[in-house]
Structure formats: structure tokens, C-alpha cells
Amino acid sequence: MISKKETIKNAAVLLDVSEESISALPEENINAMISAFENVDVNSDGDKKILYEAIDNEWQKGSVLIILKELADNTCIAYSSLCRLDFETQKSVAFEYMADSTNMEHIYTITSRALVLIELEYVSNLTGISFDELKALDDRKKEQICGHYSMKFESGGTNVELAAELKEMVYS
Amino acid sequence: MSTVKSSGRILKDINNRAYAKYETEYSELVAAALEDSSIPYFARYSLTELSLTYDSEYRIQVEEIIKKCTSGECRNLLREIKNRKNKSDYAAILPEIAEILETSVGILKSRPAELQELLCKTYTDLWFCDSETIRKRLSDLLMTEPHINEKVNKKHEFER
């Protein structure tokens, strides 16, 4: 198994960035880098590419999260909500914030739309209804379904009743 | 000393690779659950750590499995399963199964004893998998146990 210190050093060399910039990344991204170094056996150029992509990807994700943390600290959007966004949306939000940190209305719109879609993924998983079918519903209905899911989902429970209620909402 | 396990494919054949690292003593259990849930993965683990690469399309399922296997509940459940030695112990989990299958305990109890036992045994074997896999495998059992259903039908005919 590879140590955190060794990973930070190796990642910095691989990406040609400073060790400090790697150390500053969220723990989750550094752990993912450790996992990539441990799991990818480099025996060919193809393997080198896979490892580079994995480390670079985590570096990008972590760097965006650092900006989002700053955004959360300066606004009332919860960091945990921003962390749940897909990476493309996180990048857009971070970009918008860097470009104009006062344009909060636009940032709120992008964030809330994306959050609805994330909940839909969980609704799809719980109900067995395909994500595409849920995505095709009108916005109002999607909001109602996701709101109901957020309020009634019990972590650790089977949520069978909730699944039945959500199905009814989808098909009503 | 580390152990390597995978879903039968090499790391580079896994699509949309996501990497994660966990401190857990239940790596073997996680690997078995990923296998049972048909999730493409590659894992390298020691007694206390797990390095996991998986197809990020299955992120929700993987998160659920990891949560189950790394929770304190896991140790209790393993102990409970180990202690279950006879049919009546198994029957105690029929209400949980009924809930998952969106049916009543009464309906399950009306099915052959052999099938009830099989459902309970399967549920305890698959508890660490994601909910959808558990639901599907239990439903499949109910639908595809013709020899058991046939036996019961014959018994009913005979009784009539």
C-alpha cells in the first residue's frame, strides 16, 4: 500500500505541479489518487496514460471543489449541495463564480436545476423507473417528486412505501 | 501483503473508471457484494484498507454497498446471521422481505416452507448488496421456483 506523502510527491511529479497544490486538495481526491497509484500497474504507455488521466482527473475535481468551498463560505449555498453536483455543473458554477462572484442569481439557477437532476438519479434507483423517463417529466413534476424524495427518504431504511408513493406521483 | 480481486476483467476494461480508498476490515465482503450486484470493479486490499476502482455509472449502488459494509451495523448483522441456525430463526426476517417485495407477510407465509426458507437464506446472503439487486433476486426466486410451486400445487390438488 502507498502512503499519502508518497502519493502527493508522485502526483506532483506526474502532473508537473507543486506538492503544495496537491496537499491542498480535499481528502477524498487525495485518497482517490492513492487508490489509482495502488491499482494501476504501469507496464505500458497505455497504463501510463490511464494513471495520468486518473491523477489529472482527481486534481481537476479537487481544484474545482476548492473554488466551490470558497463560494459556499461566501454565500448561503451549502458546500454539501455543491459537492453533490455532477462534475460538469461544478465546473460551470466554479467558472461563473470566478468570472463574476456577484452574479448569484445565475449561480443559484444552475445549481438548483442540477440538484433536481441528481435527486432524480436516486429516485430512479429507488423506484426502478429509468432516469430518462424521469428526466422527460415536466419541471414542476420533477421538483415535486424530488422534494418528496428529499423529505421522506430514510437512510438505512428499505423505503418501500416511499418508492410506491413516488411511482404514483410519476404516473399520476 | 495485499489481495487483488476483480469482476473478471482487467482494470483498463472498466468504463468510466472512478477510484476510491477506504479504511475497512470488510474489503472481502465489499468485493463479494460488488460481484453479486454485477458491478464492474477492480479491488486491491489489505486487512485494513481497500483501494477500489469501479464503473462510475454504478456510483449510487457502490455508495450503498460501502455504507452497509463499513457501518457498525455490519458487525452486528454478521453476528446475527451466524447465530441463525434453524428455520424459525430465518422466519423472523420474513417481514423485512415482505417489505422489500412490496407484499404482505401473510402472502409469503402462504408460499411453500421450502421457498420461504430459500427467500430468507438468499436475503441474508445478499444483505450487503444494493437494494435493487436484493429486490430483483428475491423477486426472481418467487417467479422461478417451478419445482417448488409445482410440488405445492400437487399437494393442494391431493388435499382437495
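## A surface salt bridge in chain B

B:Lys5 has a relative accessibility of 30%, so this residue is partly exposed. The model is a predicted one. The partner of B:Lys5 is B:Glu28, with their closest N and O atoms 3.3 Å apart in a salt bridge. B:Glu28 lies in helix H1 (residues 27-36) of chain B and B:Lys5 in strand S1 (residues 3-6), so the bridge ties together parts that are 23 residues apart in sequence. B:Glu28 is also partly exposed, at 48% relative accessibility.

## Where the chains meet

Chain B also touches chain A. On the chain B side 26 residues are in contact, and on the chain A side 23. Together the two chains bury about 2,100 Å², and carbon and sulfur atoms give 49% of that area. Within chain B, the residues that lose the most area to chain A are B:Tyr19, B:Lys21 and B:Ile60. These three account for 31% of what that side buries.

Polar links cross the interface too. There are 10 residue pairs in polar contact between chain B and chain A, both at pLDDT 80 or more. Several elements of chain B give two or more residues to the side that touches chain A, including strand S2 (17-23), strand S4 (49-55) and helix H8 (131-143). Helix H2 of chain B gives the largest share, 5 residues. By type, the residues on this side are 9 nonpolar, 5 polar and 12 charged.

## Salt bridges between the chains

Over all chains, the structure holds 21 salt bridges. Between chain B and chain A the count is 5.

One of them pairs A:Glu38 with B:Lys21, at 2.9 Å between the closest N and O atoms. A:Glu38 sits in helix H3 (residues 27-39) of chain A and B:Lys21 in strand S2 of chain B, so this pair joins two chains. A:Glu38 is buried, at 6% relative accessibility. B:Lys21 is buried as well, at 14%. A network of salt bridges links A:Glu38, B:Lys21 and B:Glu49.

A further bridge runs between B:Arg59 and A:Glu121, with the closest N and O atoms 3.4 Å apart. The pair crosses from helix H2 of chain B to helix H7 (residues 104-127) of chain A. B:Arg59 is partly exposed, at 25% relative accessibility. A:Glu121 is partly exposed too, at 29%. B:Glu102 and A:Lys167 also meet through their side chains, in a salt bridge of 3.9 Å from N to O.

Methods
Residues are numbered from 1 along each chain as its sequence is written. Chains are lettered from A and ligands numbered from 1 in the order in which they are written. This is a predicted model: local features need pLDDT of at least 70, side-chain atom pairs count only at pLDDT 80 or more; totals for chains, interfaces and linings use all residues. Side-chain values use heavy atoms; hydrogens and water are left out. Contact means heavy atoms within 4.5 Å. Buried area is the accessible area (1.4 Å probe) that two parts lose on being put together, summed over both. A salt bridge is a side-chain nitrogen of Lys or Arg within 4 Å of a carboxyl oxygen of Asp or Glu. A polar contact is a pair of N or O atoms within 3.5 Å; within protein, one must be able to donate a hydrogen and the other to accept it, and residues adjacent in sequence count only if both atoms are side-chain atoms. Helices (H or I, at least four residues) and strands (E, at least two) are DSSP runs, numbered from the N terminus. Ala, Val, Leu, Ile, Met, Phe, Trp, Tyr, Cys and Pro count as nonpolar, Asp, Glu, Lys and Arg as charged, and the others, Gly among them, as polar. Buried means under 20% relative accessible area, exposed over 50%, partly exposed in between (1.4 Å probe, protein chains only).
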